Amino acid sequence: MRSISKLFTGLTKKQKKIFFRILAAAFFIVLSEAVEEKSRILQVLFFAASYIIIGYDILIRAFKGIRKGHPFDENFLMAVATVGAIGLGDLEEGTAVMLFYQIGELFESVAVGKSRKNITELIDIRPDYANIEMSDGKMERIDPEDVSVGSVIVVKPGEKVPIDGVVVEGESSIDTAALTGESRLTEVRKDMSVLSGSINLTGVLKLRTVKDFGESTASKILDLVENASSSKSKSEDFISRFARIYTPAVCFSALALAIIPPVLLLLFGKSPEWGSWIYRSLTFLVISCPCALVISIPMAFFGGLGGAGNAGILIKGSNYMEPLSQAKLAVFDKTGTMTKGVFEVRGVHHSPIEDEMLIELAAHAECYSSHPISISILRKYVKEPDKSRVSDVHEISGEGVSALVDGKQVACGNSKLMDRLGVDYIDCRSHGTVVHVAIDGVYYGHILIADSIKQNAEKAISALKENGISNTVMLTGDTESTAESVAEEIGIGRVFSELLPADKVNIVGDLLKECGKKEKLIFVGDGINDAPVLARADVGIAMGGIGSDAAIEAADVVIMDDDPLKVVKAVKIAKKCLRIVYENIWCAIGIKVICLILSAFGLGSMWMAIFADTGVMILAVLNSIRALNVKKL
């Protein structure tokens, strides 16, 4: 009882109405069976009541279709078949066909509702208001669309961040689950960026907005999700065209089945058996109803899009599912895609003192510099440098920096600085930026700084190969040695380095020629210079978390948390979705063809027709729901 109650409370008002109609119709069918031997008139009345309760809307829609000149749809098929069966005296079968059809419609409605709920959960990231602090210190709620760039907004604990901004005051934990698909807490403080759609969990934050509401992350995600199903896939488009041709074809075939055989029998002097052939044609009509295909195929794609969205993968339309499932060549940008795009200290080499001590001295020498290399050393040191220990700082453009730290002359820089100081240094065999350190004119080793490879980069390449994408390529504007090093570490097969954006487009054009007719190329990138390549590929995948607006705009798929493994998941989702689509197509067509042949030869009944129509539709719809489940892929 509890499970039934839970199911009932999950129904919409329209679904509850259908549910009550099904119960009422079933009740009158039971009554008609109970009075079968007592009163034929009562039995007919109960059957009539049941049919009207369960089928009046189908009859109305069929009539409207005929009046508008578009009669050939499933409503027309069901109305003709059931009214015809009742006209031939088969009250039970005519009413039962309509009842089971409506049960199938309810199943389909609930399944689609479940799929839409997944999309609705994503759309729930839309903020309703933004808090603006007035001059008197009071807070005023205004529409996020009315907030201009550069305004300071206040986000309280439990509220959604309405617009992308930078923290100007406060510290807090934010939940980015709505953006990335993963419930992950991120600590934010002054000068850190916060994306709209995130949930503020603990402290009060004051943000200076950096974008208009329409250009913020939440708005862009909503646009992608809301328009995702506007582009039909080839399978969906085929089914729509198929149904437009198929429905009138089977109607005329059923008419021919009802007329031609009796006429031929009559011409040969035999009994025409009109009733038998009309019954066969009506059974033929019910079986031929294309509901299973017309409903389940779009629903499978819709479910795939919803499941992907909940996993933090935004696919802009079902038309990208098929090429994504056919991918055989994966091309990757390097910086920001397979690497973090952030310089980090990768090691300390040839130092006669402890690594931590050398980092401490270098961090203090670099503490006044804003160069990315200096910032990476300071980040490694973690602590705030004590600037009272530092004096006589000299920054030499293109070479490095020297300073007195605790009375010692510390020089940090490249080989040119060492040559200038007359210090013998040791070259580094690893790839990256080398910062040599000399103390009081004596060489104290070097610090290797390089862009770190993303945690799941190697796993992603390995997983792609396991899923049939063994041809992997990396394109980068970086040096050949660095590119080769990264490719070797993560397992990418081919590398093209020192490229300009135009070079990337040309190379992708050449790679597309290598693909077979049913083989597709996917390109994964993040920067503004990747936008032309994303548009050129069969499927462009953008890393959305740190990716540029241009890249996200040009891409067909957006990965919200920058995890390379999500590329593999997107491919798996597409393959699962297409597999379900083809299962539905072959199952529905196969069963219908068999049942149509049987009914044409008089070996079928209206009960078999119910299974071939409503039964197959329910099976196809339930199969389509599987597209939503992407957690274990």
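Reply: Two strands count as paired if DSSP finds at least two bridges between them. The model is a predicted one.

Me: Which residue of E9 is the bridge partner of Ile153?
Reply: Strand E3 (residues 152-155) pairs with strand E9 (residues 205-209) in the antiparallel sense, over 4 bridges. Within E9, the partner of Ile153 is Leu207.

Me: Which strands stand at the edges of the open sheet of 6 strands?
Reply: The order in this sheet is E2-E1-E3-E9-E4-E7, and the pairing is antiparallel. A strand at an edge has a single partner strand, so one side is left without a neighbour in the sheet. The two strands in that position are E2 (139-142) and E7 (193-194).

Me: Which residue in E17 stands opposite Thr433?
Reply: E17 (residues 442-453) is joined to E16 (residues 433-439) by 6 bridges, and the two run antiparallel. They form a hairpin with 2 residues between them, and Asp440 in the turn has a positive phi of about 50 degrees. The residue in E17 opposite Thr433 is Ile449.

Me: What is the bridge partner of Phe343 in E17?
Reply: E17 also pairs with strand E12 (residues 339-349), antiparallel over 7 bridges. E17 is mostly covered, with 10 of its 12 residues buried. In E17, Phe343 has as its bridge partner Asp451.

Me: How far apart are the end C-alpha atoms of helix H9?
Reply: H9 (residues 274-288) has 15 residues, which at 1.5 Å a residue should span 21 Å. The distance between its end C-alpha atoms agrees with this, at 21 Å.

Me: At what distance from the ring centre of Trp277 does Arg280 lie?
Reply: H9 is mostly covered, since 11 of its 15 residues are buried, and Trp277 and Arg280 are among them. Arg280 lies over the face of Trp277, and its distance from the ring centre is 3.9 Å.

Me: Is the pair of Phe27 and Phe28 stacked or edge-to-face?
Reply: A search of the whole structure gives 3 aromatic pairs. For Phe27 and Phe28 the ring centres are 5.8 Å apart and the planes are at 70 degrees. Planes over 60 degrees apart count as edge-to-face, so this pair is edge-to-face.

Me: How many residues apart in sequence are the parts that the pair of Phe28 and Phe46 ties together?
Reply: This pair is tilted, with 6.0 Å centre to centre and 35 degrees between the planes. Phe28 lies in helix H2 (residues 13-34) and Phe46 in helix H3 (residues 40-67), so the separation of the parts tied together is 18 residues.

Terms used
Residues numbered from 1 in each chain as written. Predicted model: local features only at pLDDT ≥ 70, side-chain atom pairs only at ≥ 80, totals over all residues. Heavy atoms only, no water. Buried < 20%, exposed > 50% of the residue type's maximum accessible area, 1.4 Å probe, protein only. Expected span 1.5 Å × (residues − 1). Phe/Tyr/Trp six-rings, centres within 6.5 Å; stacked < 30°, edge-to-face > 60°. Lys NZ or Arg CZ within 6 Å of the ring centre and 35° of its normal.
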